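Here are some notes on charged side-chain pairs. Please read them with the structure open.

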Amino acid sequence: MKNWKRNLLVGLVWGLIFFLWWMADFYARNWNFKLFSADSWSYLYHEFIGGWVISETSDWIFVLVLLLSVPFFIIGWNIILKVKWRKTIGGGLKKIWYALRRFWHSLFGKNVIVGKQKVKYIRKKSHKKQRPAPLNISARAMERQAQQRANREFALQDTANTMPTPSSFGGGMAGLSNAPEMSTGNSYPSFLDDPDLENISLDDIQLPAREPLEEDIPDILIKGGYQVIANPQIGNMPVDFVAVEAQKIYVLSFDNEAGDWLADEERFNNEDPLWFSESSHRVSPIFTFVRELKQFAERLKNAGVSHEVVPVLVVKEGTIINAEDMQKTWDEMKIIVCRTHLGGPDELPSVAQAMPAVSASVEISDIEKIRNAF
């Protein structure tokens, strides 16, 4: 019997509810008959032996409920087995849990749990509550200079508290000329004290743009020893490059969606996994990519090509803010995630770093079979 453990567990729970709770309570309330008492059944047996005649309506109800209890139990058991309890209850609880977590995050900016991955997602402060950085000064430099200023002020206060009085020099006020010159040991740029910096408009602030990672990907693949097919159509999904070697086929697809994305690859309630940004969401490009390539691998197998198909997602414009936490999941999905141009974060390898070394060159006949599978 398929899923016999589940069927027995559901039957046990349903039996406890039906017989031990409802039916026992029904007989106890109406006839003071204890369903699981030997004395009650012994009394009923002696009544039948003594010539008990079923004439009252209540007596008929007593007997009919007793006779129909087993068929009703079996019918109810069969109906309950058709309900997917784990998906129904678990899915509902999971939705409630996610809603509460998102609500908590929206109020306090705490950590968010998406699927099984814990993501540190901190709400950004409003620019109205932050003083803009001066031109050509990075945030780390400003933080370091602010710390130096705090150390300088602390040193000045400490020196003022321990400064000797004029009489302690033995020469009155004249002795001050012989006092050692104070030094805080900290230096800071003098332009930070410029009051005009506070009057700089936000429109005048130009933060340095992120340096793009420029890579000639076709050249990288060709020099690496791959046979390259550009812009093929695989199923319903256009891809950018297919790099073929003797044992594997690497399919490269660019993700051109800009913005900061929170990735999740776990399906919820039979729905496709989603990636979230601050203003929108979309179906995981990795999930769609892997699904299309499974069908492509089947067509290759039918065409007599035994190469392993490896998806390679190249993040070109956006940033996956939880890439480090998702790396284990991507490894289990057997997909390579890398970056180029403005893609991020920097922890992701570039295309040149991510592409493995070629084991051997592919046969020309296999190239033709692969082209025909598109």
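1. Start with arginine 339 and aspartate 346. They form a salt bridge, with the closest N and O atoms 4.0 Å apart. A salt bridge here is a side-chain nitrogen of Lys or Arg within 4 Å of a carboxyl oxygen of Asp or Glu. Arginine 339 is buried, at 15% relative accessibility, whereas aspartate 346 is exposed, at 52%. Buried means under 20% relative accessible area, exposed over 50%, and partly exposed in between (1.4 Å probe, protein chains only).

2. On the basis of these values: this is a predicted model, where local features need pLDDT of at least 70, side-chain atom pairs count only at pLDDT 80 or more, and totals for chains, interfaces and linings use all residues. Residues are numbered from 1 along each chain as its sequence is written, and side-chain values use heavy atoms, with hydrogens and water left out.

3. The structure holds 6 salt bridges. Among them is the pair of arginine 267 and aspartate 272, at 3.5 Å from N to O. Arginine 267 is partly exposed, with 45% relative accessibility. Aspartate 272 is also partly exposed, at 27%.

4. Which residue forms a salt bridge with aspartate 272 at 3.9 Å? It is arginine 291. Arginine 291 sits in helix H7 (residues 285-302) and aspartate 272 in the loop between strand E8 (260-261) and strand E9 (274-276), so the pair ties together parts 19 residues apart in sequence. Helices (H or I, at least four residues) and strands (E, at least two) are DSSP runs, numbered from the N terminus. Arginine 291 is partly exposed, at 35%.

5. Take these contacts together. Arg267, Asp272 and Arg291 are linked in a network of salt bridges.
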